[in-house]
Amino acid sequence: MRPTTPQLAISRLFDAPRKLVYRAFTDPEHLAAWWGPIGNSLPRDEIEFDVRPGGFQRWTEVNAADPGIRVHVHIDLTDVVDGELIDGVMRVSGRLQEGIEPFETRLRIEFHDDTDGRTRLEIRQWLPEHLARPSGEGWRQAFTKLDANLVNVQLTTER
């Protein structure tokens with residue numbers, strides 16, 4: 001039985017419009033630019049999205065220090081509201097870091113307008129308890145990359 005309370009709850013403010021932050025999660029080019037811990041990468045040819053209820057998101061994350069560590073992420077999307085919500089079941093497999101076994105987690109990401117054109121992101125994950133801390137750190141590192149990517153995208157579109 002899955003717990004009713006998420007083991008990981010993150011609220012984060014981004015200095016970018018909601019439409020752009022949502023696109024960072026739903027456009028393969030954008031996701032490849034920021035997903036994962038610092039240094040890790042997503043080969044563009046291993047990203048496949050069909051973002052809609054009943055659709056999916058799939059990608060492979062390659063570890064910077066050991067390229068043999070290739071994490072396969074597959075999300076079966078149960079609920080998608082354009083610009084507002086991504087909800088589904090995430091399965092993580094492949095050759096993972098030492099001590100981490102393949103796992104499944106429910107992932108819910110909500111996108112909210114905030115003041116001054118900013119976006120508040122609410123993330124909830126129901127995952128094995130021992131993975132809450134490393135997952136939280138992974139999100140923090142990814143958000144550092146996402147912040148920089150959002151600035152770059154906004155600067156490029158303003159030109």
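Rings of Phe, Tyr and Trp, the last represented by its six-membered ring, are paired if their centres lie within 6.5 Å; planes under 30 degrees apart count as stacked, over 60 as edge-to-face and the rest as tilted. By this rule the count comes to 10 aromatic pairs in the structure described here, which is a predicted model.

**Aromatic pairs and the ring cluster**

One of the pairs joins Trp139 and Phe143, with 5.5 Å from centre to centre and 35 degrees between the planes. Are Trp139 and Phe143 buried or exposed? Trp139 has a relative accessibility of 5% and therefore counts as buried; Phe143, at 2%, is likewise buried. Ring pairs also link Trp139 and Phe143 into a cluster with Phe14, Tyr22, Phe25, Trp34, Trp35, Phe49, Trp59 and Phe111.

Two arginine residues lie over aromatic rings. The charged end of Arg58 sits over the ring of Phe56, at 3.9 Å from its centre, and Arg106 lies over the face of Trp126, 4.3 Å from the ring centre.

In soluble globular proteins, nonpolar side chains tend to be buried together. The largest nonpolar core of this model has 40 residues, and those touching the most other members are Phe25, Trp34, Trp59, Ile109, Leu121 and Trp139. At least two residues of this core come from each of β1, α1, α2, β4, β5, β6, β7 and α3. Helix α3 supplies the largest share, six residues.

Which residues does Phe25 contact, leaving aside its neighbours within four places in sequence? They are Leu31, Trp34, Phe49, Gln57, Ile86, Ile109, Phe111, Leu121, Trp139 and Leu146.

**Two further buried positions**

Ser135 is placed in helix α3, which covers residues 132–158. With a relative accessible area of 17%, Ser135 falls under the 20% limit and is therefore buried. Beyond residues up to four places away in sequence, Ser135 touches Leu8, Gln125 and Leu127.

Ala16 is found in the loop between β1 and α1. Its relative accessibility is 1%, so Ala16 counts as buried. With residues up to four places away in sequence again set aside, Ala16 touches Val21, Gly117, Arg118, Thr119, Leu150 and Gln154. Ala16 and Asp114 are 98 residues apart in sequence, and their C-alpha atoms are 9.7 Å apart in space.

| Residue | Relative accessibility |
|---|---|
| Ser135 | 17% |
| Trp139 | 5% |
| Phe143 | 2% |
| Ala16 | 1% |

**The chain as a whole**

The protein chain has three helices and seven strands, arranged along the sequence in the pattern β-α-α-β-β-β-β-β-β-α. Its radius of gyration is 15 Å, close to the 15 Å given by the globule rule for 159 residues, so the chain is as compact as a globular protein of that length. The C-alpha trace spans about 45 × 35 × 30 Å along its principal axes.

Of the 159 residues, 43% count as buried. Among contacts with a separation of 6 or more, 51% are made by residues 24 or more positions apart. The accessible surface of the protein chain comes to about 8,600 Å², and carbon and sulfur atoms account for 49% of that surface.

Terms used
Residues numbered from 1 in each chain as written. Predicted model: local features only at pLDDT ≥ 70, side-chain atom pairs only at ≥ 80, totals over all residues. Heavy atoms only, no water. Helix = DSSP H or I, 4+ residues; strand = E, 2+ residues; numbered from the N terminus. Buried < 20%, exposed > 50% of the residue type's maximum accessible area, 1.4 Å probe, protein only. Contact = heavy atoms within 4.5 Å. Core = buried A, V, L, I, M, F, W, Y, C linked by side-chain atoms within 4.5 Å. Lys NZ or Arg CZ within 6 Å of the ring centre and 35° of its normal. Rg over C-alpha atoms; globule rule 2.2 N^0.38 Å. Areas by Shrake-Rupley, 256 points an atom, 1.4 Å probe, with all protein chains shown as cover.
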